[in-house]
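Please look through the structure shown below and follow the explanation with the model open beside the text.

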Amino acid sequence: MADVLRFGCAELRPAERALFVDGQPAALGSRAFDVLMVLVESRERVVSKGELLDRVWPGLVVEENNLQVQVSALRKLLGAQAIATVPGRGYQFTLAPGADAPSPPRAAPAVVAPAVRGGSARVLVADDNKVNRLLLTRSLQLMGHQVESVDNGRLALERLRREPFDLLLLDLEMPELDGFALLTKLRDDPALSELPVVVTSSVESVAAVARCIELGAEDFLHKPVNPVLLKARVGSLLEKKRLRDEQKALLARLSDADGAPDVGATGATIGSIASGNVMATVLVARLAGDALADLPADEAIELLGAWATLMVDAVEGQHGLIATLTGDTIVAVFGTLRAAPDAREDMSAALRTATDMAELTDLLAHERQAEHRAAITTAVGIASGPLLVGVASAARRAAYVCVGAAVERATELAAAAARPGQDAQVALVDESTAAALEGRVALRKRTQPPGCRALVAAPTSVTLAG
Amino acid sequence: MAEPLLDPAVLQGLSDTVGADFVAELVETFASEAPAMLAELRAAQTAGAAERLRRAAHSLKSNAHTFGALRLAEGARALELGGLPTSAAAFAERVAALETDFAATLARLREVQHG
C-alpha cells in the first residue's frame, strides 16, 4: 500500500490512519476510516454492505445503520457523490485517483460493464490497420477513456465476452471475422446485444453503412475520423449507456429476487415485489426548512442530490421501496418489497427509517452549519393501510405506482410536520400505525393535526408475541 | 490534373488533436506498414485475387487520407474501385506510380515533422 493515496481534494495516509481534505487534517472516526480504506482498496467494484460490515466489524453483529452513519460521515467530508450507492448491491468509491495513486486491480471478468462515471469509459478498438488503431486509441485516451485494442474481429469477440466494455469502435474490413460478421454475432448474443458500437470505416458504399445500422451499430463514422465528431458521438453514446445502466439497476432493484413470499391473499408479485391489493406502510419524507430559499440553482440541486442520497440510503437500509422521488419529496413503501409475516414489522421498519433519516439529516445539517448555510430538517409522515400497488405503463413510460388513503394520509402528515414551528426532525405517525405498535414504540400524543402521534424513539427491533 | 501530394491542413489538424510527437510516431508506423500493402497489391494481382487487391488498396487509401496524402489516396482509391486489371503491364505501372507517390509523401511528412 502506498504511503499517500490522492483522490481529488482528498489525501489518504494509511500508515498514519489519517485523511487530509484540501491539505487539512479531517476529523474522522476509526470505523469511518476503516470503511473508507475498504472502499478505496476495492474501488474497482461495488462493495456489498455485508462485506463492509464483515471487514470493518469482524466477528460482530452490527446493524446496517451503523454503516450508513459512517458512510454519511465520509460523504460529509468528501462530498455526497464520493461514495455512490448502487441500489441493492452496496457502495462504490468514485473519486478519480491522482497521478501518483496506484492503478486499481483489474475488475473481475464480467460481460456487463459498470455504469460509466465521471465521463471515463472502457472502450475497445477493433481495427486491423495499425495506423488507424493507434490513432483511435490515442484520441480516445486523450478524452480520458481506458482503451484496449485488437486487430481482428475474432479477438474482439473474445475480449468482449471476457471483459466488460462500455463501447466498441469497429472497423469493417478485418481478417478472420469482419465487422459485419462481428455485428451479427453481437446482435445474436443476449449478453452483448446492447453494447453500443460505432463503426469507423472508409468504405464509400451507402449500402454498407445501411447494413451496419440494420445490424445494430449505433453510428457510423467515416475515416479519417474527425476528432470533434468522434468525441461528440462517443460522449453521446456513453451517456445513453449510462442512463440505460441506471434503468437496469433500478429494474434489478425492483425485481430483486430475494426469495420473498407473495404479499397477501389478493396480491401477486412482480419478481418479489407486490402487485395488487396489499396492506403496507407508507413513509413520505420532505426536505423542510428554508434550505432551498435564496440558494443559487446549482447549490440547490447539489443539496437536493445530497439529501436524496441519504434518504434513499435510509429507506433501502430498512428494506423499503422508493415509490417516487420528486425533488424534495420521497415516497417509500414498506411491505411490498420484502413482505414481513406480520404487518407490524413493516410499520416498525418505517419508523426506524424515520429515525435513520433524522440522524442522517442531522449530519448534513451540521456540515451546512459549518459553512453558515440555512438549517435543514426532514419532515416525515407515516401511515398504514390498504394500497393498490403495481407497475402502470403508458406507451413509452412505466412506473411503480401505489395508490390508497395511506399515501394521502402520510403526505398530509409530512406536510404538517414540515410546517414552521414544528420540532426539528419531526415524524408524525397515523393512528392505525400507532395503535398497532402500542407499547412497543415511544410515541407522543398530539392535538394538531388530529389523529396522529409524534415519534419520539423508533424501535431498534420489534418482538412480536407468538 | 494530379492531386497535390499533401494537404498541410490535415496534418496540422492531426497534430493539434493528438500532438506532434504522436504524429511523428504515427508517420513512422505508416512508413513501416505501407510497403507490405504495396507488396500485397502486386501479390494479389499475380494470384488473381480481386478481394485481396481491393483490401490492400483500401488500407493504403485509408492511411493516406489520415495524413492528408491526397495523391497517394487517389491512386489507391482508383485501384480499390478498379478491380483486377486487364493489363498486367498497365497495373505494374500504376503500382510503381503509387510507390513513387508513397516515397515522396513519406519524405514530405518527415520533412514537415522535423521542419
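In this predicted model, the largest cavity holds about 30 Å³ of space, and a search of the whole structure finds 1 cavity of 30 Å³ or more. Rolling a probe the size of a water molecule over the atoms is what shows where such empty space is left. The residues that line the largest cavity are A:Leu5, A:Phe7, A:Ala10, A:Glu11, A:Leu12, A:Leu19, A:Leu36, A:Val40, A:Leu78 and A:Phe93. Three elements of chain A, namely β1 (5-7), β2 (10-13) and α1 (30-41), each give two or more residues to this lining, and the largest share, 3 residues, comes from β2(A). Sorted by class, the lining of the largest cavity has 9 nonpolar residues, no polar ones and 1 charged residue.

Because A:Arg75 lies in helix α3 (residues 64-78) of chain A and A:Asp313 in helix α9 (residues 297-317) of chain A, the pair ties together parts that are 238 residues apart in sequence.

The next topic is the meeting of the two chains. Here 22 residues of chain B are in contact with 20 residues of chain A, and the area buried between chain B and chain A is about 1,700 Å², of which carbon and sulfur atoms give 55%. Which three residues supply more than any other three of the area that chain B buries against chain A? They are B:Phe22, B:Arg55 and B:His58, which supply 25% of that area.

Across the interface of chain B and chain A the rule finds 1 salt bridge, and the side chains of B:Arg54 and A:Glu173 meet in a salt bridge at 2.8 Å, again from N to O. Polar contacts are also present between chain B and chain A, with a count of 7 residue pairs in which both residues have a pLDDT of 80 or more. On the side of chain B that touches chain A, the elements that give two or more residues are α1 (8-18), α2 (20-47), α3 (50-66) and α4 (70-82) of chain B, and among them α3(B) gives the most, with 9 residues. By class, this side of chain B has 8 nonpolar, 8 polar and 6 charged residues.

A:Glu176, although it is not a glycine, has a positive phi of about 70°, and A:Glu176 is found in the loop between β9 (167-170) and α6 (179-187) of chain A.

How values were computed
Residues are numbered from 1 along each chain as its sequence is written. Chains are lettered from A and ligands numbered from 1 in the order in which they are written. Side-chain values use heavy atoms; hydrogens and water are left out. Contact means heavy atoms within 4.5 Å. Buried area is the accessible area (1.4 Å probe) that two parts lose on being put together, summed over both. A salt bridge is a side-chain nitrogen of Lys or Arg within 4 Å of a carboxyl oxygen of Asp or Glu. A polar contact is a pair of N or O atoms within 3.5 Å; within protein, one must be able to donate a hydrogen and the other to accept it, and residues adjacent in sequence count only if both atoms are side-chain atoms. Helices (H or I, at least four residues) and strands (E, at least two) are DSSP runs, numbered from the N terminus. Ala, Val, Leu, Ile, Met, Phe, Trp, Tyr, Cys and Pro count as nonpolar, Asp, Glu, Lys and Arg as charged, and the others, Gly among them, as polar. On a 1 Å grid over the protein atoms alone, a cavity is a set of points where a 1.4 Å probe fits but cannot get out, and a pocket is an open set with protein on both sides within 12 Å along at least five of seven lines; lining residues have an atom within 4 Å of a point. Grid points are joined across faces, edges and corners, and a volume is the space filled by probe spheres set on the points.
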